[in-house]
Amino acid sequence: MMFSELYSAYYNAVAAILKAALDHPVSKSEIRSIVEKKAFGESVLTIPAALEEERWQLLHPDGTTPLSHPPTLPMTNLEKRWLKAIAADPRIRLFGDDLPDFPDVEPLYRQEDVIVFDRFADGDPYEDAGYIERFRLILRAVRERFPLKIEIQGRRASPRKIELFPDHLEYSEKDDKFRLVGVTRRHGRNTVNLGRILACEAAGTSDEDFFREDSEPAPPEQVTVVMELTNRRNALERVLLHFANYQKEAERLDGDRYRVSVTFDRDEEADILIRVLSFGPMVRVTAPDSFIAQICQKLNRQKSCGL
Amino acid sequence: MAYSERIKDIGRIRDYLREFFVFGFRSREEFTQKSARSYDNEKRRVESWLGEYMQFRQTAEGKNVFLSIDSRAMNHNPLFKAWKTKSFTDRDITLHFLLMDILASPDAAMSLPEILEKLDGMTAGFRDPKTFDESTVRKKLKEYAEEGIIQAEKRGRTVAYRRTENSDLPDRALLDFFSETAPCGVVGSFLLDKSDDRDDAFTFKHHYVTGTMDSEILASLFDAMREKRNVTVETINRHKDRVRENHVVPLGIMISAQSGRQYLMAHVPRFRQITSFRLDSILSVKADEICEWYDDLKARFERMRSHIWGVSTHNESGENLEYVEFTVCWRDDETHIPERLEREKRGGSVERLDGNRCRFSVWVYDSRELIPWMRSFLCRITEFRFSNQVLEEQFAADIREMYALYGITGEEDEDA
């Protein structure tokens with residue numbers, strides 16, 4: 001069963017409290033701190049009281065426990081079944097060759113049962129040995145925080161080399177591609193498509209070179225687009241679901257008219273522009289002027305095509 | 001009943017989370033489907049779990065609550081928290097930790113009387129020691145055996161219980177990634193909760209988080225598909241506030257990476273058709289009998305797939321398949337356009353007409369589904385044709401309406 005107390009934040013919080021109590025008598029403030037970390041905003045009102053009042057008979061008044069072993073839980077069948085299902089995913093090899101194998105359970109699903117119908121067809125080559133090797137090195141560099149020397153195939157130009165201090169990997173479900181986000185000495189924040197990387201190796205330089213005080217990478221610039229729409233052809237739900245992955249706000253203006261604001265990073269502007277266009281006359285952008293100008297430019301150009 | 005942060009049924013909160021996250025413009029007074037007290041309780045729970053993402057707006061109609069999450073800025077789906085709120089009794093949690101402590105090693109097998117004796121010993125030091133009757137403990141052990149964490153083995157006339165062998169957790173990065181990208185990813189989040197270390201090597205773009213609320217429905221459908229069963233799905237039409245039972249044969253799950261919507265594709269014997277059901281409209285799934293012709297239906301679905309653009313298998317024109325074609329042009333510095341057509345064409349064909357023009361064509365069950373995608377090429381469409389005349393006229397009318405919306409007269413310089 002997926003919705004089970006076995007997986008609950010409360011069981012996890014209590015397990016952490018009992019683990020501490022096996023090591024030393026736990027204080028009220030320590031219990032509170034564990035609950036704040038492991039459970040939810042209002043859990044501090046219930047968990048410490050339930051233990052203190054001995055409704056949950058797991059902790060003595062002196063902060064010790066009748067348990068003799070740190071609480072652990074074997075993997076459930078559901079967890080094994082999920083792991084067995086993802087073991088058949090082509091991306092699994094990116095994470096190593098020792099795959100989970102649970103002969104005693106059926107996979108939770110089979111790859112052929114799930115179809116992502118609008119994913120782009122030119123995703124990264126997850127079964128290419130060179131790609132796998134580079135991915136593993138990059139992932140290790142992200143986790144262990146060391147700089148990389150990377151050779152990249154340019155879109156039109158010949159290959160170029162950069163040194164980059166990696167921060168994280170970004171995966172796009174629509175593009176089915178990984179991007180490496182990091183910092184270069186000359187250009188600050190930089191993003192590299194893994195599919196364009198021809199070669200990479202540990203740079204062997206110090207990370208301090210990348211983080212001088214005067215070259216701290218600026219956070220991505222954000223843009224907020226404001227749209228107005230009339231709820232016809234189920235436009236409201238379609239727009240709100242479509243932009244549900246961004247910070248957004250919706251408000252009713254009157255009757256069937258709504259205003260929706262969507263905030264995104266500047267580097268996504270071109271993508272957002274065509275996504276807004278895809279809603280046709282169902283939505284009208286009212287701000288910012290620069291975004292409206294881009295829409296007008298596209299429509300003017302469309303009109304010049306004779307339609 | 002007194003308010004509790006924990007809940008018994010995930011279905012109750014599913015609607016509220018969807019409402020706060022996807023819509024977020026309705027005031028307390030507009031939540032007519034439940035009582036005001038119920039609304040207050042659900043809002044309080046969501047605030048307790050997801051307070052950092054919760055925002056409020058005061059309007060003339062009242063105070064609106066909404067969740068605003070930039071999925072690109074987070075490592076883990078915050079809505080997973082809803083799955084970790086299951087209610088339990090004082091007895092449940094006490095028995096759980098004591099039992100798992102008594103059966104701490106997979107090497108030690110114990111009978112029920114031995115376990116009961118140890119339980120009594122462990123609660124003896126409390127002011128009002130809890131005692132557990134045989135039936136309660138047996139029931140809990142049976143439940144845990146079904147979950148796979150306890151094994152029951154016959155020892156002559158008695159049954160002995162032992163903990164299941166621990167399995168090593170996979171690499172944390174693997175769990176970080178697949179918990180966000182694989183179906184029922186919340187299960188990966190349960191596994192991540194077993195480890196204390198933080199890694200967070202990944203972020204996700206074009207990532208829709210609400211689908212997690214349908215995970216239990218999805219898992220039931222996966223089971224039925226594996227067992228080749230008929231199912232009864234209870235669906236809700238939210239526009240009409242109507243609930244209906246559908247007897248269907250589940251054949252596949254289709255997911256949109258561009259909107260996060262998830263659909264069940266199923267054969268409906270009553271209409272002899274394969275059709276789609278949105279997962280977030282399915283309230284429950286009940287497994288029925290095995291479907292004898294399951295493989296034939298699955299093969300039929302596979303044959304249909306190349307003509308399904310999105311998820312629709314019907315149209316309003318009455319034709320079996322509808323035809324769509326359009327031509328796009330590009331400037332010399334826009335070579336990404338033919339590449340875009342190639343990677344987004346699905347079951348369609350792309351024909352190069354000359355150095356700067358391509359024609360896309362496709363036969364689909366429902367050409368209405370192509371229209372949003374076609375509009376994303378606005379600024380470069382030179383011709384289009386639909387076999388469905390109504391849609392052809394609508395597409396042209398929509399373009400004219402867009403010109404009017406933005407005051408496009410065609411007199412401006414296109415690059416102005």
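In this predicted model, strand β3 (residues 160-172) of chain A pairs with strand β6 (residues 202-205) of chain B in the parallel sense, and the pairing runs over four bridges. Within this pairing, Tyr171(A) has Phe204(B) of β6(B) as its bridge partner.

The contact between the two chains draws on 114 residues from chain B and 102 residues from chain A. On the side of chain B that touches chain A, helix α3 (residues 90-102) of chain B gives the most, with eight residues. Divided by class, that side of chain B consists of 49 nonpolar, 31 polar and 34 charged residues.

Chain B also holds an open sheet of three strands, which follow the order β3-β5-β4 with antiparallel pairing. Strands β3 (110-111) and β4 (150-155) of chain B each have a single partner strand and therefore stand at the edges, so that one side of each is left without a neighbour in the sheet.

In chain A, the domain assignment gives domain 1 (1-73), domain 2 (77-113), domain 3 (129-215) and domain 4 (222-304). The centres of domain 2 and domain 3 of chain A, taken over C-alpha atoms, are separated by 29 Å.

Two packed helices are described by the angle between their axes and the distance between the axes. For helix α1 (residues 9-23) and helix α2 (residues 28-38) of chain A, which pack against each other, the angle is about 145° and the axes lie 9 Å apart; the crossing of α1(A) and α2(A) is right-handed. On the side of α1(A), the contact is made by Ala9(A), Asn12(A), Ala13(A), Ala16(A), Ile17(A) and Ala20(A), while α2(A) contributes Glu30(A), Ile31(A), Ile34(A), Val35(A) and Lys38(A). The residues of this contact between α1(A) and α2(A) comprise eight nonpolar, one polar and two charged.

Methods. Residues numbered from 1 in each chain as written. Chains lettered and ligands numbered in written order. Predicted model: local features only at pLDDT ≥ 70, side-chain atom pairs only at ≥ 80, totals over all residues. Axes fitted to C-alpha atoms, helices over the stretch in contact; angles between N-to-C directions. Helix = DSSP H or I, 4+ residues; strand = E, 2+ residues; numbered from the N terminus. Left-handed = near helix turned anticlockwise from the far one by under 90°. Contact = placed C-beta atoms within 7 Å. Nonpolar A, V, L, I, M, F, W, Y, C, P; charged D, E, K, R; others polar. Pairing = 2+ DSSP bridges. Domains from an automatic or database assignment.
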